[in-house]
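Q: Hi! I'm new to this one, could you walk me through it?
A: Happy to, here it is.

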Amino acid sequence: MNASRTDELHGAAGPSRSFSLGALVRRRPETITFLLLVAICVGVAIANPAFLQPSTLIDIGRASVVMGLFALGVFIILAAGGIDVSFTAIAAFTMYSMTVLVQSYLPGLPIVVVILMATLGGAALGIVNGLLVHHLKVPSLIVTIGTQYLFRGVLLSFIGTVWIMSLPPQMGAFGRMPLVQFEAANGALITLPFYFLVLPVAALVTWWILNRTLMGRAIFAVGGNADIASRLGYSLRTVHVFLFGYAGALAGLAGIIHVCANRQANPFDLVGTEINVIAAVVLGGARITGGTGTVLGTLLGVLLIVVLNSVLVMVGIPSTWQRLVVGSFILLAAAFFVTRQRKK
């Protein structure tokens, strides 16, 4: 931050400390998400010290991977002023199709190739979304509602509805592969799976795209004002195809990891998780109108949702209250961000 900008902030806020939280939140809305996350963790740890056990923290890490991959894809589309609700259908389509393909026709296919093919398959379905959004000239919400039903319909009508309980060996082995493994005091074996690394790698790639490439500038420019971005020379078609293809690739990757982690393939899985994912991105500071948000904020929003869903039962709150609590957090966060934006 340059000196003149610093002086403006101090001048507007006065010589006292009023600069601190207000200005920080205006520049980094994810600060509120971080503070909420810390407050919840401290409160739960006081109410139930078992929350701080390594097994609980590793469970939270495991549960964050699939949701985090989904959220990164949703965030990059929100940054461009769109929204996608078809990512779970893309994940279900790719994960179940790949499982059937490997099990029935390519039993010796290496797991690296399985993951790559699932990712590319998700990207292909995402590109369909991008082309439809661009050429139909309708809101992406409408398009992705339609493709959500389309992808699920094709999956259930032509590929299968059978719950596959026994995965190909290489997929099951990948889901069990340990990154960190140790024995707890009670003798239980605690494992942080290798696939956990996929989330930080995907987050770094997403951050690099948004902050270090021309495509990242184009995405935020389109999110700010698509007409002005087009006049500045950005190709809206290229942006739409890229961001929906990228989100689809992350959904395909999340889907195959979901199958390997759960060691079973259910074509009806992941239905209804869209709201939690979108909530995580919004709680991370991204606006539905586009042009704002950060990868760090998105990951903090994912952690906040996962922690809420994981610990409510630990402190005696019924699981049926989870949606009530999450909805309240979304409304409070939205009200806070809007208030801060108006003051700005």
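A: One term before we start: a contact means heavy atoms within 4.5 Å. Also, keep in mind that this is a predicted model.
Q: Thanks! So how much of the contacts with a separation of 6 or more comes from residues 24 or more positions apart?
A: In the protein chain, such residues account for 76% of those contacts.
Q: And what is the chain built from, in helices and strands?
A: It has 15 helices and two strands.
Q: What share of the residues is buried?
A: Of the 344 residues in the protein chain, 47% are buried.
Q: Which residues have the most contacts inside the largest nonpolar core?
A: Those are Leu69, Phe70 and Ile219, in a core of 93 residues. Helix 4, residues 54-79, gives the most to this core, with 14 residues.
Q: New topic: where is arginine 263 found?
A: Arginine 263 sits in the loop between helix 12 (236-262) and helix 13 (274-283). Its phi is positive, about 60°, although it is not a glycine.
Q: What about leucine 270 and its phi?
A: Leucine 270 has a positive phi too, near 75°, and is likewise not a glycine. It lies in the loop between helix 12 and helix 13.
Q: Is leucine 270 buried or exposed, and why?
A: Buried, because its relative accessible area is 11% and the cut-off is under 20%. Arginine 263, at 40%, counts as partly exposed.

Key. Residues numbered from 1 in each chain as written. Predicted model: local features only at pLDDT ≥ 70, side-chain atom pairs only at ≥ 80, totals over all residues. Heavy atoms only, no water. Helix = DSSP H or I, 4+ residues; strand = E, 2+ residues; numbered from the N terminus. Buried < 20%, exposed > 50% of the residue type's maximum accessible area, 1.4 Å probe, protein only. Core = buried A, V, L, I, M, F, W, Y, C linked by side-chain atoms within 4.5 Å.
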